[in-house]
Structure formats: structure tokens, C-alpha cells
Amino acid sequence: MRNILAIFRRDLKGYFSSPIAYVITGLFVVVTGIFFYLLLSSFIQYSYALMMQQQSAPLNVNLMLIRPFLLNLSVIILFIVPMITMRAYSEEKKSGTIELLMTVPLTNWQIIIGKFLATFVLFLVMIGVTLLYLIFLFLWGNPEIVPIIIGYLGLLLFGAALIATGNFISSLTENQIVAAVGTFAVTMFLWIIGFAADSAGKVLSSILGYLSIVEHFEDFSKGIFDTSHLVYYLSVVAVMLFLTFQSVESAKWRS
Amino acid sequence: MIEVQNLTKYYGDLRAVDGISFTVERGEILGFLGPNAAGKTTTMRVITGYLPATSGSVAIGGFDVFKNSLEVKRQIGYLPENPPLYLDMRVVDYLRFVAAIKGVDHQQINHEIERVANKLALFEVFDVLIAQLSKGFKQRVGLAQALLNNPPVLVLDEPTIGLDPKQIIEVRELIKSFGQNHTIILSTHILPEVSMTCNRVIIINEGKLVAVDTPENLTAKLKGSESILLEVEGPADEVMQTIRQIPSVKSVSSSSVQKANFSKYIVEAEVGADIRKEIATAIVRHNWGLLELKTESLSLEKIFLQLTTREEEH
């Protein structure tokens, strides 16, 4: 546990002592901020228009604003995760510090879990920023809180699955760019097979739909908690961490 | 302390290390000598558990590197060829991190860092980012990292590479001083380093072990004959004839340009025979002037060249 914590702290500090964490977080905040602003302003216009038409029932904030925002977030996360995870292992391989980690009394799992947690916490920080936007909704409106909590839980699971994937791909190469592009390609693939599912045959469609990483987020964004999605994301995390373990272990044999 | 048996390592089809066996006793400083790409780094990586051997075994303090890797890793401090430094960390944070992952007790960490920093004179750079350190300081931080948690065995891969002459001397002195408490394996392709720091030398070339001995013995073994350098004032022909008559002299040749009556000779004698006294007596008896007389010891550098070039002829 102490070893995991040591790796975790070093990695997290590493992100914040280089410009990377700030650049990525800054980019993320700007992009999500723009999306939130656009959704919010169109929501306001729409409800204003309805008010003009003497409709008394107010629009549902959760359904009309928060849900599309969460879906937007999930797509932005697809793009941002490769940048978070690209240096997890690649940097260590490139600079030779992996040789230190592999020759001190650490187990591979301690390294892998420590690194996964560091990238995940950086992700949490970024997601945390978007909660600030929602505070405005609570100040001037009354959205339901439970669907928001479930939606964010979904985001965390979705992010964890992507981050585990990114960690795995970073462990395959010593080139950060390759790690980022590779991760991006894989996450894109997992996203796009969701579209393919719509036009595929019945059996194939359900298989592809199940594999699509975004598909499982749909329910969360509606505020529906379904354990099958929980199981899906946790299994992706487990499988990816297991593959990372294999990759770290076999790097010895391959070199 | 360290037992290497029949160690072989392939990278794909390339054989990097080929059936090397040797042992290192407790408290010994072993020099690992060989040209680039001889298999030094590979051997060290196997010893430290970074790479698995294709065949053969390595045991540190009785623990097998492969089966008991965690136990072995506790026993070893390792400085790879490129010091494994996180450039974005301050020296003190880096040492703290390494101490933690090496399992130094939480309360002991500061104390342990001080001990090591004291040995390597690192206090002045404690708060400096590693990226901003000079090459010499980086190397010292690398050594400090290896010394943390006071492992009984130190494995140092080319510890003086890339340093300036003054730093090289400093690092050698440091390594010598570590020898009191640690068993050390050190690789280098600089020969004087070996004779200066090590108790024993292993020469490897193309993955094969070429020679193992003390620097002194190795020199003696390879010479095959003792050669003596001589400068005498006297008639060359007569001098050579006189010296030839001395027992156990194998050959005499005059070496440098002769100027009037002065000339230099190289006398080859059988191994172990010290004939300096006989030569001197003979020359004095003939009333010639003895200007210079010294045994020429074959330097490790020559041995090294001899060994490795001989290898290439196969």
C-alpha cells in the first residue's frame, strides 16, 4: 500500500510539476465551458420562447440541459484521456527510470495500480471543474440532484475504463505520441462501433452495442443506474489493468 | 555473495552473453571490463533482475534472482548506465521517493537521506531540480539512489562515463570508500579505472568470459616473459653478447637508434626470473655505463587489446 502511494504521489506530482496537467486541464475547461455556455443559452432562449407562448410548465433542466451536457462531456473525455495517459509508462521507458522501478523491491501490481490512480485522480480534478458550472444551475434553478450524481458516477466509470486503456497502450511504447495516438484510435474505435451497431443486424447490433464504450453511458446520462453498465466499465478496467500487467511483465522478455 | 552460473542471454537471435560464470566474494570490488557491446550491461541487468536470463542462474546472497526477485532486489543498489533520474523532481524529493519504494522505514527516511547525501556531498543541491544539475551531480544523485537503504551489493554500470577528469577521480574515490561496506560490481571500458579501484577483474568480449584475475596477476599471466628495458653506454655487439650469456635470458634486442656508444635494449627473460641484478653486475664488470634499467610491466590496456584482438582472430 505504501509503495502504491509512493508511485501515485510521484506520478501525480510529475503531472503538476510539468505544464502537461495545466495545459490539458485548461483545454478541457475551455472546451467544456463553451459547450456548457451554448447549451445553457439555447436552453434559456427556448424556455423564454415557451414563456412567450403562455406555457406555464417550466422546462426540465435535467433533461434539457444537464443530460446533453453530460453526453458532450463524455465525447470530450474521449479526446482528452489519451493526453492524460500518454506519458504514464512511455516517459519512464524513454528516460530509463523504468529501470529503477523494475530493480527496486516493488511488485508490478504496485506500479500499475499507483500509475492508474495517478492518472485517474488527474481526471477527477478535471471533471471536478465542471461541477462548478452546475452550481450556477442550483443557484438560479432547481435541478434534481440524484440524476446528476448518477450521471457523474457514470462519467467516472467511463473515464476509469478509458484511462485503464490509455495506461495499457502507454505501457507498450516508449514514444508518447504513439501512446496518445494509439489510445485515441482505440477509444475512437470503441465509440464508433456504437454507430455501427445502429445499422447492423439484430445479433451483431446487440454485440457491438454492448462493446461500445459510449453506449453504456447513455443510461447514466439519463440518471438511470443499472448494474450491468457498472459491471461493463469495471470489467474494462480490470481487463486493461491485467493487460498492462502482462505488458510490463513481458517487456523484460521482449527486449 | 554473488554467484553467476552459465549465464546466457539472447536478444532474439543475437547472443549477448554466452555462458558466463563467476562469483564475487563479500566485500570485493569486481571490475567488469570489456569493449562496447561486450555484454557488460546485459550481464548487470540480469544480475539486478531487470532482465531474465535465457539460461543459467544468478544468486545474490543465496537468493535466486528469478525465483526470489523481491528479496534479491532488496539486496542490490543499482546504478544503470544512464542514471534513472526524474528530471522534473528536486533532488531531495527524488531521494525521498526512492527511499520510500526501496522500503526505508517511514521515520528513517530523512535520516537515511542525510546519511547518503553526506557521503556524496549533495546537501548543496538538495532543492535543485534534477534537470538543472551538471552531469557530475546527476551521476552522484544516481549513486546516492543506489546507496539508499544500504544494500549489501552495489551494481554500477559505467559509473564514470561522461564525467570530466576531476569528477572521475572523485567518483572512483567514492567507489573505493563504498568497498568497505558493500560488495561491488562495476563495469567500465576504461582500463586504469579497473586497476585503480578493483580487487579483481573480469574481462568479457562478445559475451564470452576472456579472463578473471586480480589486476596484478592478469598482467603477469599475460606477459609470458618478463621484459627489461635497458640503456647502456658501451659497444652494442659486446653488450648484447654479454647479456645473452646470463642464465634465463631468452632474447636481447637493441631497440632505439644508436648514437655513438649509447643504445637501448629490450631483454626478454623467463617468467618469474628477476635478472636485474645479474645484468647490472655484468655491465659494471665490463666497465660500461649503466644508464637505465627497469622492468617493463605490461599495462592492463595492452592486455585488454591483446585479449580482445586475439578473440577477433578466431
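How many residues does the contact take from chain A and from chain B? Keep that in mind while you look through these close-ups of a predicted model.

**View 1. Chain A meets chain B.** The contact uses 19 residues from chain A and 20 residues from chain B. On the side of chain A that touches chain B, the elements giving two or more residues are helix H1 (2-17), helix H5 (97-103) and helix H11 (227-254) of chain A. H1(A) gives the most, with six residues. Sort the residues on this side of chain A by type and you get seven nonpolar, eight polar and four charged.

**View 2. An open sheet in chain B.** Here four strands of chain B line up in the order E2-E1-E4-E5, with antiparallel pairing. Strand E2 (14-24) and strand E5 (63-64) of chain B stand at the edges, and each has a single partner strand, so one side of each has no neighbour in the sheet. Zoom in on strand E4 (residues 55-60) of chain B and you'll find two bridges joining it to E5(B), with the two running antiparallel. Ala59(B) has Asp64(B) in E5(B) as its bridge partner. Helix H1 (residues 40-47) of chain B packs on this sheet, touching strand E1 (2-11), E2 and E4 of chain B, and its direction makes about 120° with that of E1(B). As for what holds such neighbours together, strands of a sheet pair through backbone hydrogen bonds.

**View 3. Into the nonpolar cores.** The largest nonpolar core has 128 residues, and those with the most contacts inside it are Ala161(A), Tyr94(B), Ala144(B) and Ile185(B). Take Ile185(B): beyond residues up to four places away in sequence, it touches Ile2(B), Val24(B), Leu30(B), Phe32(B), Met44(B), Ile47(B) and Val155(B). There's also a second, separate core of 11 residues, which includes Ile228(B), Val232(B), Val252(B) and Val267(B).

**View 4. Asp164(B) in a loop.** Asp164(B) lies in the loop between strand E7 (153-157) and helix H6 (165-178) of chain B. Why does Asp164(B) count as exposed? Because it has 11 C-beta neighbours inside 10 Å, and 12 or fewer is the mark for exposed. Asp164(B) and Ile184(B) are 20 residues apart in sequence and, C-alpha to C-alpha, 23 Å apart in space.

**View 5. Leu291(B) on a strand.** You'll find Leu291(B) in strand E14 (residues 289-296) of chain B. Leu291(B) has 14 C-beta neighbours inside 10 Å, so it counts as partly exposed. Setting aside neighbours within four places in sequence, Leu291(B) is in contact with Glu231(B), Val232(B) and Glu233(B). Val116(B) is 175 residues from Leu291(B) in sequence and 52 Å from it in space, C-alpha to C-alpha.

Definitions and conventions
Residues are numbered from 1 along each chain as its sequence is written. Chains are lettered from A and ligands numbered from 1 in the order in which they are written. This is a predicted model: local features need pLDDT of at least 70, side-chain atom pairs count only at pLDDT 80 or more; totals for chains, interfaces and linings use all residues. Two residues are in contact if their C-beta atoms, placed from the backbone, lie within 7 Å. Ala, Val, Leu, Ile, Met, Phe, Trp, Tyr, Cys and Pro count as nonpolar, Asp, Glu, Lys and Arg as charged, and the others, Gly among them, as polar. Two strands pair if DSSP finds at least two bridges between them. Axes are lines fitted to C-alpha atoms, for helices over the stretch in contact, and angles run from 0 to 180 degrees between N-to-C directions. A residue is buried if 20 or more other C-beta atoms lie within 10 Å of its own, exposed if 12 or fewer, and partly exposed in between; C-beta atoms are placed from the backbone. A nonpolar core is a set of buried Ala, Val, Leu, Ile, Met, Phe, Trp, Tyr and Cys residues joined through C-beta atoms within 7 Å.
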